[in-house]
Amino acid sequence: IKDGMTILLDAGTTTYQIALLIAQQNFKNLIIITNDMEILQLLKNVEGIQLIILGGWIQKATHSTQGNLARLCMEELHAEISFVGASSIGENLKIYSPSEEKVFLKRLFIENSETAVLVTDRSKGKQINLNYVNSVKDMDYIITDLNFSKEAREELKQSNTEYWKI
């Protein structure tokens, strides 16, 4: 993340951690696009950061916007990098979400950014939710403490997805 960039931050606890790191830096000109009300609250008074909140219905359980209005907003925006969370990742390297509403917005975050980064932790591994988002192999990077099988790591390597284990 560098000054002058536009960053997409998906809603979620892992992307909130990225927002915390951003808040601790000394950026002079950064634009953050998000659908997460907690990220908005965290960054709203941070000098050097401009915020764009996607409109839409507020899902009270996650404090995030979603729905058709959020998608319409996101269709008009573009960023250098997106940080997208995952509700679950199957052993098949597919990313899933329990909410159909979130699927389309996550896909737009990935499509409307130059670089897509999946951020997730081991609690999301080897589960399958109802709605398919996309494949981990469609991402440019994955940052996680999740242990992938040797076969999965090889698939990531062949797809040019960089796997950063933390």
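Is tyrosine 96 buried or exposed, and what is its relative accessible area? In this predicted model, tyrosine 96 is buried, with a relative accessible area of 9%.

The aromatic pairs in the structure come to a count of three. In one of them, the ring centres of tyrosine 96 and tyrosine 132 lie 6.3 Å apart and the ring planes meet at 70°, so the arrangement is classed as edge-to-face, given that angles over 60 degrees fall into that class. Because tyrosine 96 belongs to strand E8 (residues 94-97) and tyrosine 132 to strand E10 (residues 131-135), this pair ties together parts of the chain that are 36 residues apart in sequence. Whereas tyrosine 96 is buried, tyrosine 132 is partly exposed, with a relative accessible area of 34%. The ring of tyrosine 132 also has a charged group over it, namely the charged end of lysine 94, which sits 5.4 Å from the ring centre.

A further pair is formed by tyrosine 141 and tryptophan 164, whose ring centres are 5.0 Å apart and whose planes are at 50°, so that the pair counts as tilted. Since tyrosine 141 lies in strand E11 (residues 141-144) and tryptophan 164 in strand E12 (residues 162-165), the parts tied together by this pair are 23 residues apart in sequence. Tyrosine 141 is partly exposed, at a relative accessibility of 23%, and tryptophan 164 is likewise partly exposed, at 42%.

Notes. Residues are numbered from 1 along each chain as its sequence is written. This is a predicted model: local features need pLDDT of at least 70, side-chain atom pairs count only at pLDDT 80 or more; totals for chains, interfaces and linings use all residues. Side-chain values use heavy atoms; hydrogens and water are left out. Rings of Phe, Tyr and Trp (its six-membered ring) pair if their centres lie within 6.5 Å; planes under 30 degrees apart count as stacked, over 60 as edge-to-face and the rest as tilted. Helices (H or I, at least four residues) and strands (E, at least two) are DSSP runs, numbered from the N terminus. Buried means under 20% relative accessible area, exposed over 50%, partly exposed in between (1.4 Å probe, protein chains only). A charge sits over a ring if NZ of Lys or CZ of Arg is within 6 Å of the ring centre and within 35 degrees of the ring normal.
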